[in-house]
Amino acid sequence: EKEEKKAKAEKVSGDIGLLDTEKNYMIVVTKDGKLVTIDYTQKTKVTELKETPAKMSDIGLGSAAVAEYTTKVEKNFLSKIEFTPAKGE
């Protein structure tokens with residue numbers, strides 16, 4: 001029997017603490033100070049919360065975000081992210 005089922009998407013919300021657009025990963029800092037590292041690809045859906053499509057490079061540090069990700073082989077992969085730019089951007 002096939003035990004291979006699709007990984008359930010998790011959600012994390014907090015501020016973007018680090019965004020590495022060369023190595024394609026980011027760190028979300030939750031309200032309780034937990035750091036969640038999430039990898040992403042060019043196919044990741046990015047939405048700026050003024051309902052316009054955006055790119056990963058549009059996300060500034062300190063942006064408030066809700067990230068959806070799945071965990072595969074002990075790595076978190078970003079499937080979708082919605083963000084509000086940090087104040088002053």
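This note comments on a predicted model of a single protein chain, point by point.

1. Basis of the model. Residues are numbered from 1 along each chain as its sequence is written. Because the model is predicted, local features need pLDDT of at least 70 and side-chain atom pairs count only at pLDDT 80 or more, while totals for chains, interfaces and linings use all residues; side-chain values use heavy atoms, with hydrogens and water left out.

2. Confidence. The protein chain has a mean pLDDT of 85, and 89% of its residues reach 70 or more; pLDDT is the predictor's confidence in each residue, from 0 to 100. Confidence is highest in strand E3 (residues 35–39), at a mean of 94, and lowest in strand E5 (residues 52–53), at 74. Where pLDDT is low, the predicted coordinates should not be read in detail.

3. Secondary structure. The protein chain contains seven strands and zero helices, in the order β-β-β-β-β-β-β from the N terminus on.

4. Surface and contacts. The accessible surface of the protein chain comes to about 6500 Å², and carbon and sulfur atoms hold 50% of it; the areas come from the Shrake-Rupley method with a 1.4 Å probe, and for residues only the protein chains shown count as cover. Of the 89 residues, 37% count as buried, where buried means under 20% relative accessible area, exposed over 50%, and partly exposed in between (1.4 Å probe, protein chains only). Among contacts with a separation of 6 or more, 51% are between residues 24 or more positions apart; a contact means heavy atoms within 4.5 Å.

5. Pairing of E6. Two strands pair if DSSP finds at least two bridges between them. Strand E1 (residues 10–20) pairs with strand E6 (residues 64–72) in the antiparallel sense over six bridges, and Ser13 has Val66 in E6 as its bridge partner. E6 also pairs with E7 in the antiparallel sense, over nine bridges; here Glu68 stands opposite Lys80 in E7.

6. Pairing of E4. Strand E4 (residues 45–48) and E7 run parallel and are joined by four bridges, with Lys80 in E7 as the bridge partner of Lys45. E4 and E5 run antiparallel, joined by two bridges, and Thr47 stands opposite Pro53 in E5. The E5 side of this pairing belongs to the strand with the lowest mean confidence in the chain.

7. Turns and positive phi. E6 and E7 form a hairpin with two residues between them, and Val73 in the turn has a positive phi of about 45 degrees. Glu74 lies in the loop between E6 and E7 and has a positive phi near 60 degrees, although Glu74 is not a glycine. With a relative accessibility of 84%, Glu74 counts as exposed. Another non-glycine residue with a positive phi is Asn24, at about 55 degrees, in the loop between E1 and E2.

8. Nonpolar core. The largest nonpolar core has 18 residues, and those with the most contacts inside it are Ile16, Met26, Ile38, Met56, Ile59, Leu78 and Ile81. E1, strand E2 (25–30), E3, E6 and E7 each supply at least two residues of this core. Such a core is a set of buried Ala, Val, Leu, Ile, Met, Phe, Trp, Tyr and Cys residues joined through side-chain atoms within 4.5 Å. Leaving out residues up to four places away in sequence, Ile38 touches Val12, Tyr25, Met26, Val28, Ala67, Tyr69, Asn76, Phe77 and Leu78.

9. Asn76. This residue, Asn76, lies in strand E7 (residues 75–84) and is buried, with a relative accessible area of 17%. The side chain of Asn76 reaches the backbone oxygen of Thr37 at 3.1 Å. Beyond four places in sequence, the residues that Asn76 touches include Val36, Thr37, Ile38 and Asp39, as well as Tyr69, Thr70 and Thr71.

10. Val66. In strand E6, Val66 counts as partly exposed, at 32% relative accessibility. Neighbours within four places in sequence aside, Val66 is in contact with Lys11, Val12, Ser13, Lys80, Ile81 and Glu82. The C-alpha atoms of Val66 and Asp15 are separated by 8.6 Å, with the two residues 51 apart along the chain.

Definitions and conventions:
Polar contact = N/O pair within 3.5 Å; in protein donor to acceptor, adjacent residues only side chain to side chain.
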